[in-house]
Amino acid sequence: MSLTNEEFRPKIVAFCCNWCSYAGADLAGSSRLSYPADVKIIRVPCSCRVNPMFILRAFEKGADGVIICGCHPGDCHYSTGNYYARRRMTLLFSMLDYVGIERGRTRVEWVSAAEGVKFSQTMNEFVETVRSLGKNVRLGDLRCKN
Amino acid sequence: MEASKKSRSEMVKEISGTNPLKCMKCGKCSASCPSYEKMDIKPHQFVSYVINEDVESLAKCDSLWVCLSCFACVERCPRDVKPGKIVDAARQIVIREKGGSYLVPDEIPELIDEDMPQQLLVSAFRKFRR
Amino acid sequence: MHGIGVFVCHCGSNIAATVDVKKVVEMAKLEPGVVHAEDYQYMCSEAGQEKIAQAIKEKNLSGIVVCSCSPRMHEATFRKCAEKAGLNPYMVEIANLREQCSWIHKDIEEGTEKAVILTRAAIAKVNLNTSLEAGESGVIKRALVIGGGIAGIQTALDIADAGYEVDIVEKTPSIGGKMAQLDKTFPTLDCSACILTPKMVDAAAHEKINLYTYSEVEKVSGFVGDFTVEIRKKARYVNMDKCTGCGVCMEKCPSKKAKSEFNSGLSNRPAIYTPFAQAIPNVPVIDPTQCIKLKTGKCGVCEKFCQAGAIDYKQKDEVITQKYGAIVVATGFEVIKLDNYDEYAYSQSKDVITSLELERIMNAAGPTKGHLERLSDGKPPKNIVFIQCVGSRCAENKGKSYCSKICCMYTAKHAMLIRDKYPDVNVTVFYIDVRTPGKNFDEFYRRAVEEYGVNYVKGQVGKVAPQADGSLLVHGVDLIDGKQLKISADMVVLAAAIEPNPTVRNIATMLTASIDTNNFLTEAHPKLRPVESPTAGVFLSGVCQGPKDIPETVSQAGAAAIKVVGLLAKDKLMTNPCTAKADELLCNGCSACANVCPYGAISYEDKLINDHGIRKTHRVAVVNSALCQGCGACTVACPSGVMDLQGFSNRQIIAEVDAICR
Amino acid sequence: MQELISRLKELLESGSVQRVLGWKKGDFTFNPEPAYFNSAEELSEFVYDGFCGANLSKYMIKASNLEGVTAVLLKPCDTYSFNQLIKEHRVIREKAYIIGIGCKGKLSLDAIKAQGVKGITDIKGAEIDGDCNELKVETLYGEKTVSYKDSMLERCHVCKGKEHMIYDELMLESADTLDADRFTDVEIIENLTSEDKFTYFQRELSKCIRCNACRNVCPACSCRKCVFDSTKFDSEQKANVDPFHESMFHIIRAFHVAGRCTDCGECSRVCPQGIPLHLFNRKFIKDINEYYGVFQAGEDIGQTSPLTDYTLDDMEAEERR
């Protein structure tokens, strides 16, 4: 079974920090700024809560793209969380590039509670990029696929 | 007809790259315009014609050819609506729709009158040398 | 018994219009662990909560999922509801079907599909939730107010009147702020100083209020109820205890070239100065960038003349550390720089001034002793033009996107005062809109037009051209008459936009309080919690939160004060139980977690561990749950997954991931 | 060599150490193994030569719990690991008497075999006292001679230097072996297309049998219980059930040791399938060096690890190369 790009609906997992990006997503919602339903948000207290294990697990279970959103550097609710997250994700995503995972499937974006527009734009862009890359075949658990 | 009208106003937006809905009708463009007196449609009114999808009237008006393209309005517009670019876009539409009837260099001397400011000649190149 | 209840809210039509709630209920019933699922019009209503409570009791639910609006909105509501019904409040999860589903999707099929998945993820998570108990922490009965303008003063007075200690930290040498610089206030035209100075005196005299002027907040740590703040008291070079405020030093000081900040740079001040006559405290400071003695070692005039012996050139900055239960930000505003609006010739002509500068010119204590005169030649102006919205209401690349809110009213005030005092002066106001919502505000503006004959013209000015004869040619337009106007004026007043004081960025960072793209502090909820920051224990007063006039600022200052008092009145605060916890059986004791903890909440102990019958002493991490704020940085630093975050545990998040990707 | 053995005897007999942690002879000359020596007599089995590649630092975790002081023999590169373990409170400095021993490059049987040598029965020329220029290999098919240099482990070609980072006393001479850049291989992979990168790693990793040798030998992988053995993430895996698990395991393992890995190369040395596992760790090391400044784990105990540190203007993930 092959899917053309038009039919292809990617699975996107977005990890959003509770204080900025999740609120930014709420603002996008209350401002009725749409983005594809392919994006499903997981609320975490801070971007520094995102364990590489979660990201790889998402890919394993069939996610086509993973995006991490947090407060802008300097604005972290916990002062320093996003600084750690920035280093961790830079290194992890660089490693994923290195083992041949397409670069467009991973992304880090800083979205404040006031940036509903940015949240929606980011998600639209990200979904478009992942859609153009097609189904994730390099990291998936192939047993579940038919 | 309805469709072509609409597409012309869309074209103005596309060519000018501006969003007329951003205008807050402050009138700074009209206050800045050196050719204001000679204009039948005033600079701050341009946007309404585009919003109301009446590019027809815009295309017929004198303002289009009175505008010096000095871009004072573009520079000063607080909302980044750039009325000068709308004029420019309307001109282009008119010129495009005329087909091949571009201004021929030989015709220019006849068209020049003595009061014509130097700036107009320079900006004429902006208008016609497309 | 294990059983999950799922409650799907219609939110009127907010959710139900784009999500088939019945289908969500159907699908939820198929999920493992779910024993009850129902939908209702408004789950957050009393009747809705009653349904939840009943189901918890009747079906003996061990956890619930409420599919409704954002957890930022009603998580607390549903947790309380669960608690009342006898369920641990942390056995509640919210699926955000409104902000993150129904409101952004139009297609009902698509919306429903996503809603089902979000619900499934919440169910997967709640299956792994554990009961958590909130801890308690103490409250230090003292508040800090950052900024000593009218907002800060009012907040401090109200808190102090309720019986709590308050410290005001003000970075300039005197409290009073921008209001002290104003001449008259709208819409009643009382003298600003006359109504402000009594409040300044009250603040200084109040036994519960402590002023740190010429001081800045340098470091903030801790959390609601228990902040530790370092305050730098800059060297005044004047001993506050000895100074009598006689003012001789200021008179005798030979260095008089510094621009007076208080007079908006329109007059000079000595190197040793108080910003203005009614300054509180009435103790001068020496400006080290101007003082000849401090710069060259020679002079010492002030020391010679000071009868009290209060001058101390060797004084050093002092850093004091104080503990607070609550912090109020009242940092106020500045007028924007006008570099981007050179068409109005502010940099080219001395007679183009800002409204704040006009305020000083009109003031009897100002640079012209209250006489309206041109700064270029001292002549009385005959034609004055006011230009509104300079730098306000602009596209983002051109200026401030917001309305500065106060300009319409103060311009009407200025125009009125000028026409009143100098009836032969023509006053023209170019406006885009006149915005006068507020008690007696529109009446005030109408009086300016009707009684005082101020000429209001609709249309923004294009440019101001200084002429050879010293006059200013104003290129304007009257949009109503459809005429372009060229008015020869001899003074132009610009209603420049206001912006938050630039220091607020740094302060917000120290407080971990969020800030918007315009540098205004963000409120916890724009409508329902307007004076609180999302950061617990931090409150907002005055223009730091958004443009405001004096009456509004004072009301907000009072509102912030009552919020502070409400906090300080408590003896104990419930702490967030979603804290980190180490599995001491397996901890390596490697210190990675402690290295990333921003709160110093992790320490190490040697513990005797019984590992499958083998007793051994191990170095293990111990989290102080009173200090831990639950960010989770440690959980990722821990390679063995031993450090976990309660409420957002590794397994819970993995379960959500699995449910979403299923 | 003799002086080393005499010194060890002296230490044991004087009672200043209770045991020696070193290597003893294996079944062949080319497979010595780590061992404790509790008495001077036991030292007759002691050996130290070009085949003693094993990094003994990790054994000190257990030895730190034993009674008394352990004399541990550490090669220059092993001392980085030991330092890192001190930093992580995994070993107790006072429980170790560190004899920093010289190193002239360690040998790889695979590298010897790769030179076309089969049926090896004995190898001479690996003695630490020798000049380490040539190896005489006895095989079922006669004696062969191979160059010492060509027979070294990959890690010795990119040697960190022959200086000991921590020791109580130094013994034996070293010889420089550095003759390659350690990031060359990483760079080659980086420059492939993502398709080719994937193919390369899939080919390598599909050999993985999840024997956990890499994990067990790694001085940084010293967790009392590995996440892949615990239920902490619902991630316990005893074996690879699908191709992704191999990469998941190795990526996460590399991430967990990032900023802590000293690049000792033990993972690649012990992998029975010959997977170049160091390429994962080196990628992280290379990125850390490029993005956050050059960092060598184990060099300086006082230095913060790059992953528990930050600067306000670190680069963004999207700016990665």
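**Notebook: contacts, cores and a sheet**

I began with chains B and C: 17 residues of chain B are in contact with 19 residues of chain C. I kept in mind that this is a predicted model. On chain B's side, helix H2 (28-32) and helix H6 (72-76) are the elements that give two or more residues. H2(B) has the largest share, 4 residues. Sorting that side of chain B by class, I noted 6 nonpolar, 4 polar and 7 charged residues.

**Chain C against chain A**

Next I looked up where chain C meets chain A, a contact with 42 residues from chain C and 43 residues from chain A. On the chain C side, the elements giving two or more residues are helix H4 (98-102), helix H5 (108-126), helix H17 (633-637) and helix H18 (650-661). Which helix gives the most? It is H18(C), with 8 residues. By class, I found 18 nonpolar, 15 polar and 9 charged residues on this side of chain C.

Then I went inside. The largest nonpolar core has 176 residues, and A:Val13, C:Ile64 and C:Cys67 touch the most other members. Helix H3 (residues 81-98) of chain A supplies the largest share of this core, 10 residues. Apart from this core lies another of 120 residues, including C:Phe227 and C:Val531.

I wanted to see A:Val13 up close. Leaving out residues up to four places away in sequence, A:Val13 touches A:Lys40, A:Ile42, A:Ala58, A:Ala63 and A:Val66, and also C:Val657, C:Ile660 and C:Cys661.

**A sheet in chain A**

Strand E3 (residues 65-70) of chain A pairs with E4(A) in the parallel sense over 5 bridges. The open sheet has 4 strands in the order E2-E1-E3-E4, with parallel pairing. Where are the edges? Strand E2 (39-44) and strand E4 (106-110) of chain A are the edge strands, each pairing on one side only. Neighbouring strands are turned by 20° against each other on average, direction ignored.

**A covered helix**

My last stop was helix H11 (residues 355-362) of chain C. Is H11(C) mostly covered or mostly open? It is mostly covered, with 8 of its 8 residues buried. Among them are C:Leu356 and C:Ile361, but also C:Glu357, C:Glu359 and C:Arg360. The buried residues of H11(C) pack against strands E19 (333-335), E20 (352-354) and E27 (491-496) and helix H12 (407-421) of chain C.

Terms used
Residues numbered from 1 in each chain as written. Chains lettered and ligands numbered in written order. Predicted model: local features only at pLDDT ≥ 70, side-chain atom pairs only at ≥ 80, totals over all residues. Contact = placed C-beta atoms within 7 Å. Nonpolar A, V, L, I, M, F, W, Y, C, P; charged D, E, K, R; others polar. Core = buried A, V, L, I, M, F, W, Y, C linked by C-beta atoms within 7 Å. Buried ≥ 20, exposed ≤ 12 C-beta atoms within 10 Å, placed from the backbone. Pairing = 2+ DSSP bridges. Axes fitted to C-alpha atoms, helices over the stretch in contact; angles between N-to-C directions.
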